[in-house]
Amino acid sequence: MMELRRAGVELSSGVVLKDPGQQQQTGLPFGLIWTPFNAVNDIKLVSERPPQCTACQGLYSRLCQVNLVTMLWKCVLCRALNDARHIPTIPQDDEGSTARMNSEVDVAEYILPSEGNTRVDCRLMFIIDEHIGIDEIEMAKIAEIATSAAIARGYEVALMLFGEATSLVDFGHAREPSDEESPVQIILDVLAPEEVAQMSASEKDSYFSADADLVSDSVWSAVRSKQEARKEATAKERIRNRRRSSQKRERRLDIALEIALELLQKDLSDYSTLRVATLLSGRPSLGVEGLEDEEEFEMALTSTMRKIGKQAASMRAVLDFFCFAAIHGFAASALLAAAVASGGGIVLSAMHGLSSHEHVSSVFRFITVRAFASGGRIEARSSKELELQHVIGPAVEGEDASSFKIPSVEREIGFALFYEVVGSVESCFIQLVSERRDVGSECVTVRCVTFKVGKSTSEDVYTRSIRPVIAATMLAKRSLLKSFGASALTRKSEAESIVDSAAISLIDGSIGSTAAAKAIVRCLYDLRRGVLLGRQLHKDDAVCLRALLCNAEPSLAAKLISPRLLKLEKSSTNNEKNISSGDAEHVLAGVGIEGHEVAGDWTSLQPDSLLMMDAGTEIFIWQGSQVSWGGNIDIAEYCRSALVPTATKRVPPAQVWSFREGESMSRMMLCRLSPDSAGQGALGSEQSFEAYFRSLE
């Protein structure tokens, strides 16, 4: 089991019940959460392509039996015999006749030359909605500066501004004088879709050239003041002003995206990664005004954006969106429709319409370099006793039912795989294969994880092998996507009922009275009452978190569902610990501060307490009014500063907040505390859960 976890595989249970009917009666599906591109140390590297089974297309692994007399190897998945003469290295047993590992897990990685085109070029388009006030200008400046991170990696980058609330001179006037020139070209909204469609490939390419000056100088350094700008207006600015009224309908996000996709187009054999990253500060305008009914308006927005997402997917371009300062919402469901349809895009938001400068900077750096590889694929095959039902994760279907293409490869993405036991389990195996090509590399990396699925005839043994957090996380993901493409992610009431149905199926199953089943239901209860499905956050922020949960690896998913509340104290030892992971608790341990878990409710908010909550996308430090750390040190700010460098490296980057008792901003953490303690603390929370559990029986 430890070897599997190291390879990024977390099983919902250590064994399955041998009898299919008995397994079905438990009410709990068997499956796993797989992080296919995580970093694994000390992995076996092979430079020769592994043999492939001619019957099931599975790859050879060291778990396969090899007969050195007949020179045949037996596939562990389908038991077919294959030619063993092309196996790179055949390990031999003591007798020298057959070879097979004693372990039930085999992890191997193959570094292979890329077939066909070896170029791995990346082209990125930034779109900034100009509908932002002067207070948010700094955010847009940071976004522009962050593009240098992409250029440093060899990306070709262009920046588009659109909108009508803030002009070019407003942006230029807002920036302090600087000799620094922007490393990217600025595309203004003087372009119309029909004009871009008629451009030649070389004309489109010129917008991604840092040497050309076809559109304007840097938006920040082109104009020193409004007066100078008006006196020295360029022909391009005059064109923009002339078209302001005639093309007002084109100042919309859908038009901007259409132009971006037109400019991105190039011979797809030359480019493996195409991205469009959009910075929004409010609700997008998509040309469907006039609908009075809010539900109809959002449906129209969603339909429009889904079409754009499909257009992006057809050219292998991924759409990302980041929203900040959107206090009144930003139509997350519509943006999510485009991101999902593009095959791997994301929608991020600054919770509660708030964001720090450092957070915006880290998010844009994250977007520009978020894919360390240029796209990839995964395969999931198994013995005939198991049938893959469905996969949840940022991928699109591949050549067959067991293959999936991944437009955006990241180390932290987690796929949930659900299996059904369809035959009596005897000797059953699962094989998971991931493939990627790193940016700047001419080789393809293929990782193959093959393992034997444990079996048992005892329901008691099966129950003890259940991992409640993993099982609950899988049920949570499936519940949120039960009606994929419909409304489960965006309509809270439907998601709640689906979560309840999953809990009822488990309670009514044969293991419903066990401690494992109750622990799983407790996780689902925390999901139901927390910020993901609760009423504590704006609905757009909640939609972003639900979408993130569906693609999250286990540790992030646990933080999103039920974040832990820790009381911070000085370490009992003077020896500072090494920071061994990105977990906030470990980071603080590295600077001599220990965390002890306390009840996640209002009773823990004591005047003499220093608390931390790691909610995955945000980390909160709460300081009571009577906390004294000695000297003049601001301990809350000290903790925050220690956490920021690691938090900004998460996927997605996390914001770190510090509050003092009584500050209004502390509501961001307080809304994540148990909402049903009713002044009774942990006792009240437990009573609420017991009442929920009984209501489902």
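These are my notebook entries on a predicted model of one protein chain.

**Ground rules**

I number residues from 1 along each chain as its sequence is written. In this predicted model, local features need pLDDT of at least 70, side-chain atom pairs count only at pLDDT 80 or more, and totals for chains, interfaces and linings use all residues, while side-chain values use heavy atoms, with hydrogens and water left out.

**Entry: the whole chain**

I began with secondary structure. The chain comes to 22 helices and 27 strands. Both are DSSP runs numbered from the N terminus: helices are H or I with at least four residues, strands are E with at least two.

I then looked up burial. Of the 697 residues in the chain, 55% are buried. Buried means under 20% relative accessible area, exposed means over 50%, and partly exposed lies in between, with a 1.4 Å probe and protein chains only.

Next came contacts, meaning heavy atoms within 4.5 Å. Among contacts in the chain with a separation of 6 or more, 76% come from residues 24 or more positions apart.

**Entry: strand S21**

Is S21 largely enclosed or open? Nine of its 11 residues, 428–438, are buried, so the rest of the structure largely encloses S21. I looked for its partner. S21 runs antiparallel to strand S22 (residues 443–456), and nine bridges join them. Strands pair if DSSP finds at least two bridges between them.

**Entry: aromatic pairs**

I found six aromatic pairs in the structure. Rings of Phe, Tyr and Trp (its six-membered ring) pair if their centres lie within 6.5 Å; planes under 30 degrees apart are stacked, over 60 edge-to-face, and the rest tilted.

I picked Tyr525 and Tyr692. Their pair is tilted, at 5.1 Å centre to centre and 35 degrees between the planes. Tyr525 belongs to helix H16 (residues 515–529) and Tyr692 to helix H22 (residues 681–696), so the pair ties together parts 167 residues apart in sequence. Tyr525 counts as buried at 7% relative accessibility. Tyr692 counts as buried at 10%.

Then I took Phe620 and Phe659. This pair is stacked, 6.0 Å centre to centre with 25 degrees between the planes. It links distant parts of the chain, with Phe620 in strand S26 (residues 618–623) and Phe659 in strand S27 (residues 655–660), 39 residues apart. Phe620 is buried, with a relative accessible area of 0%. Phe659 is buried too, at 2%.

**Entry: the ring cluster and its charges**

Which rings join into a cluster? Ring pairs link Tyr525, Phe689, Tyr692 and Phe693.

I looked for charges over these rings. The rule asks for NZ of Lys or CZ of Arg within 6 Å of the ring centre and within 35 degrees of the ring normal. Lys518 lies over the face of Phe693, at 5.3 Å from the ring centre. Arg522 has its charged end over the ring of Phe689, 4.9 Å from the centre.

**Entry: helix H16**

I checked the span of H16. The expected span is 1.5 Å times one less than the number of residues. For the 15 residues of H16 that should give 21 Å, and the end C-alpha atoms are 21 Å apart, which agrees. I also noted its buried residues, including Ala516, Ile520, Leu524 and Tyr525.

**Entry: Lys492**

Lys492 is in helix H15 (residues 492–507). I took one distance: Lys492 and Leu480 are 12 residues apart in sequence and 9.4 Å apart in space, C-alpha to C-alpha. Setting aside neighbours within four places in sequence, Lys492 is in contact with Leu533, Gly534, Arg535 and Arg546.

**Entry: cysteines**

How many disulfides are there? The count is zero, where a disulfide is a pair of cysteine sulfur atoms within 2.5 Å. Cys56 is in no disulfide, and its nearest cysteine sulfur, that of Cys75, is 3.6 Å away. I also looked up Cys550, which is buried at 3% relative accessible area.

**Entry: positive phi**

Two residues other than glycine went on my list. Met71 has a positive phi, near 55 degrees. Met71 lies in the loop between strand S5 (65–67) and strand S6 (72–74). It is partly exposed, at 24% relative accessible area.

Arg79 also has a positive phi, near 70 degrees. Arg79 lies in the loop between S6 and strand S7 (81–83). It is partly exposed, at 35%.
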